[in-house]
Amino acid sequence: MKKILIIDDEQFNIESVKIILEYQGGIYNIETVSSTALNGLEAVNLIKKNVEDNNGTFSNYPLILTDLNMPVMDGNTAALQIREYLYNKGLEQPIIIAITGHCEDAFVKGALKDGINMVVGKPLKYEYLK
């Protein structure tokens, strides 16, 4: 089953994204189509476990929504490590969208350089995900 991975160190932000996806996006029961991680390291480990659970043939996460500023491992580093891991396995790359309060040019350029496809500001608007 294809899933969305939501990465944020604030549980409130994770729940907010779920609500936006479920009610504005029309996704039925977001709990069945999403996974969460509270930092980038958790996300990297979740992706690795998911690939292992699928016998190394694919990842169930075609879309990753991530915060950038988090403890333990930030979103930029997580994006780089996820991309590298999947590339080395020869697997399809996900779309990674950063949802952040830092939309200054330097943050956006850094995120794009680190393999993030798109940077959007908080609060998230569903239109960004269409």
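This is a predicted model: local features need pLDDT of at least 70, side-chain atom pairs count only at pLDDT 80 or more; totals for chains, interfaces and linings use all residues.
Which residues of α3 are buried? Residues are numbered from 1 along each chain as its sequence is written, and side-chain values use heavy atoms, with hydrogens and water left out.

**View 1. The buried side of helix α3.** The buried residues of α3 are G40, A43, V44, I47, N50 and V51; buried means under 20% relative accessible area, exposed over 50% and partly exposed in between, with a 1.4 Å probe and protein chains only. These residues lie on the same side of α3, because they cover an arc of only 125 degrees around the axis, the arc being that of the directions from the helix axis to the C-beta atoms. Helices (H or I, at least four residues) and strands (E, at least two) are DSSP runs, numbered from the N terminus. Among the elements that cover the buried residues are β1, β2, β3 and α4. Exposed residues E52 and D53 are carried on the face turned away from the buried side.

**View 2. The two ends of helix α3.** At the start of α3, a side-chain oxygen of N39 comes to within 3.0 Å of the backbone nitrogen of L41. After the helix comes N55, which has a positive phi, near 55 degrees.

**View 3. Strand β1 and its partners.** Side chains in a regular strand alternate between the two faces of the sheet. In β1, I4 and I6 point one way, L5 and I7 point the other way, and all are buried. Strand β1 runs parallel to β2 (residues 34-37), joined by four bridges, and parallel to β3 (residues 63-66), again through four bridges; two strands pair if DSSP finds at least two bridges between them. Residue I7 has A37 as its bridge partner in β2 and stands opposite T66 in β3.

**View 4. The largest nonpolar core.** A nonpolar core is a set of buried Ala, Val, Leu, Ile, Met, Phe, Trp, Tyr and Cys residues joined through side-chain atoms within 4.5 Å. The largest one has 23 residues, of which L5, I7, I47, I64, L86 and I116 touch the most other members. At least two residues of this core come from each of β1 (4-7), α3 (40-53), α4 (75-89) and β4 (95-100). Helix α4 supplies the largest share of this core, five residues. Another core, of eleven residues, lies apart from it and includes I4, L21, L65 and V120.

Methods:
Contact means heavy atoms within 4.5 Å. A polar contact is a pair of N or O atoms within 3.5 Å; within protein, one must be able to donate a hydrogen and the other to accept it, and residues adjacent in sequence count only if both atoms are side-chain atoms.
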